[in-house]
Amino acid sequence: MAEVSLREVRKTYGDVKVIHGVDCTIADGELLVIVGPSGCGKSTLLRMIAGLEAITEGEISIGGRVVNDLEPAERDIAMVFQNYALYPHMTVYKNMAYGLKIRRMSKGEIDARVKRAADILELGELLERTPRQLSGGQRQRVAMGRAIVREPSAFLFDEPLSNLDAKLRVQMRVEIKKLQEDLGITSVYVTHDQVEAMTLGHRLLVLNGGVVEQLGTPIELYERPASVFVAGFIGSPSMNLLAARVVAEGNAVELPGGDRLPLANGNSGGQAGRQVILGVRPEHLEIADQGPSAARLTVEVVELLGADTLVHGHFGNDRTDLTVRMGGIHDLKHGEVLPLKVSPDHLHLFDSGSGARL
Amino acid sequence: MVERRGWLTAVTHLVLIAGIAVLALPIYFAFVASTVGLRDIVEPPLPLVPGPFLFDNYGEALLRGVTQAAATPVALMMFNSLVMALVIAFGKIAISLLSAFAIVYFRFPLRMFFFWTIFVTLMLPVEVRILPTYEVVAGLGLLNTYAGLTIPLIASATATFLFRQFFLTVPDELAEAARVDGAGPLRFFADILLPLSRTNIAALFVILFIYGWNQYLWPLLVTTEASMTTIVIGINQMIAPGEDQTNWPVVMATTMLAMLPPVLVVVFMQRLFVKGLVETEK
């Protein structure tokens, strides 16, 4: 049980800056997901918390104790690795007990803890097997068990589900969430998968090129992305991002084809005449049966997913690409033209230079 | 497996049988020669079936030796050879494991320099450095000792290189998991790396035991006392120079005895040996 806090944490390899100053406090019992594309420094950040990478600048503390110069074993953390990193020659039981044995815990206590973890993770039958006799999902559980028996101040997960097949991944995702909430242990979870991030995290830290793009709850990130990057990264299918211009009156944006979309009152903010990036989520575009439509979409590809339909097409003179997500099944044909509308509340404006939210 | 027709199977078997015959026949003759009297050998034709002196010849070889070679009993020679082979095999494995561990898992100044120094010595066979090595061993007063016999042969680039390659295939995350679990470097080495290297160690042991057992040039240089003679040297000394009569049956008994330990090592460790060569356990 502990709070984990990062203050101005930086990492450089020689001249290369990998992490550009991360500030973040993870509350006791919270699950923070660090999410970003590959190479954004998210694993490096996690490994710095774990003590596997040195901290170039800044301070990391766990449970109020600065851990910058402590060995991983002294930081009171447990880590679940991407490839599980189980000891191949040890049985499941020994894998889980190893860390406790090194800490000179009594045999009885080790046994009790391993049995308890095995119960939680339903590993009871497998305790005498070696990792190679286990399936991917079972190995994953053992790796979790190894973390649980330690009863640490914090769990660190490094893309733990990326080696599992899609179905198992969803199942384990739910289990991890449940487990984390039951145990109430502060956790940091690294992933590149935005669905995993959205479903698991109490809060998300979006990292891009070593810079924190946004820190917030999943809903905050979805409803008010702080930058073009977050807007495009969170949500599936990803947000439509269009080059647009705020009209002279400041109460609407003009799309490439000349169509205009009215802005909600608070949205224009004296940006009259300015070039912006307009973001609209595919699920917020609707077919305008009557009344004014914003854009007329020419259908190119239709993806029927059952629960909903994804329509890819283009609109306007310069054929700007657009994706629309509609609930249910829609039988649309190639070349068909759809009039679309969107509520002003669902428009996101970003600075076309910096990408920051306006 | 490729499916074979009847006549192909026959050909395959013929070739294999021929191969076995080529390999086994000399050994069989050596065995026959070690069971007959001296006169049976010297006078043609060569006997084709074992004679009645099996126990006499082997007993004489083991306990008394052949007179020309200052009569060192073969039992003592075998003991010397065994000590040499075992010390070389275990010594090499221990040193190579530790040096490979250092090179792969630790970042110390001149690390690559040391690695390349070790690697370059691969290209220098024992014969090239044998005179300076002799000088050093003689200077340390190690002539006619087990230490002098074995220590210079223990440093091994080949085995270090082999273990280095193996350690490189062990995922880094295993070392990191051990670190998070609180295992120090030596603990990691003993609890994780060593058990994982088990089959490699076994394969290497077989190779090195035979290498040590068959050493000729080095023991020839550093041992001059009869009590330190190894069996490979001993066989050579048994063959009488000039006009003296060589006691061939006893010499043959000695060669049969000399063959025995390597054969036993291969037979008993064959399963692990093959596993170590073909499989990486991860």
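**Close-up views of a two-chain predicted model**

**View 1. Chain A as a whole.** Eight helices and 20 strands form the secondary structure of chain A. The model is predicted. Along the principal axes, the C-alpha atoms of chain A fill a box of roughly 75 × 45 × 35 Å. Of the 358 residues in chain A, 40% are buried. Among contacts in chain A with a separation of 6 or more, 63% link residues 24 or more positions apart.

**View 2. A five-stranded open sheet in chain A.** The strand order in chain A is β15-β19-β16-β17-β18, and the pairing is antiparallel. Strands β15 (285-287) and β18 (320-327) of chain A form the edges. Each of these edge strands pairs on one side only. On average, neighbouring strands of this sheet are turned by 50° against each other, direction ignored.

**View 3. Strands β16 and β19 of chain A, side by side in the sheet order.** Strand β16 of chain A covers residues 295-304, and strand β19 of chain A covers residues 337-342. The two strands run antiparallel and are joined by four bridges. Thr298(A) has Val337(A) in β19(A) as its bridge partner.

**View 4. Helices α4 and α11 of chain B cross at roughly 140°.** Helix α4 of chain B spans residues 74-105, and helix α11 of chain B spans residues 198-213. Their axes come within 8 Å. Angles over 145 degrees would count as roughly antiparallel, so at roughly 140° α4(B) is oblique to α11(B). The crossing of the two helices is right-handed.

**View 5. Residues where α4(B) meets α11(B).** From α4(B), the contact includes Ser81(B), Met84(B), Ala85(B), Ile88(B), Ala89(B), Lys92(B) and Ile93(B). From α11(B), Ile201(B), Leu204(B), Phe205(B), Leu208(B), Phe209(B), Gly212(B) and Trp213(B) take part. By class, the contact of α4(B) with α11(B) has 11 nonpolar, two polar and one charged residues.

**View 6. The side of chain B that touches chain A.** Here 16 residues of chain B are in contact with 16 residues of chain A. Helices α9 (172-181) and α10 (185-196) of chain B each supply at least two residues of this side. Helix α9(B) gives the most, with seven residues. The chain B residues on this side divide into eight nonpolar, one polar and seven charged.

Technical notes:
Residues are numbered from 1 along each chain as its sequence is written. Chains are lettered from A and ligands numbered from 1 in the order in which they are written. This is a predicted model: local features need pLDDT of at least 70, side-chain atom pairs count only at pLDDT 80 or more; totals for chains, interfaces and linings use all residues. Two strands pair if DSSP finds at least two bridges between them. Axes are lines fitted to C-alpha atoms, for helices over the stretch in contact, and angles run from 0 to 180 degrees between N-to-C directions. Angles under 35 degrees count as roughly parallel, over 145 as roughly antiparallel, 65 to 115 as roughly perpendicular and the rest as oblique. A crossing is left-handed if the near helix is turned anticlockwise from the far one by less than a right angle, and right-handed if clockwise. Two residues are in contact if their C-beta atoms, placed from the backbone, lie within 7 Å. Ala, Val, Leu, Ile, Met, Phe, Trp, Tyr, Cys and Pro count as nonpolar, Asp, Glu, Lys and Arg as charged, and the others, Gly among them, as polar. A residue is buried if 20 or more other C-beta atoms lie within 10 Å of its own, exposed if 12 or fewer, and partly exposed in between; C-beta atoms are placed from the backbone.
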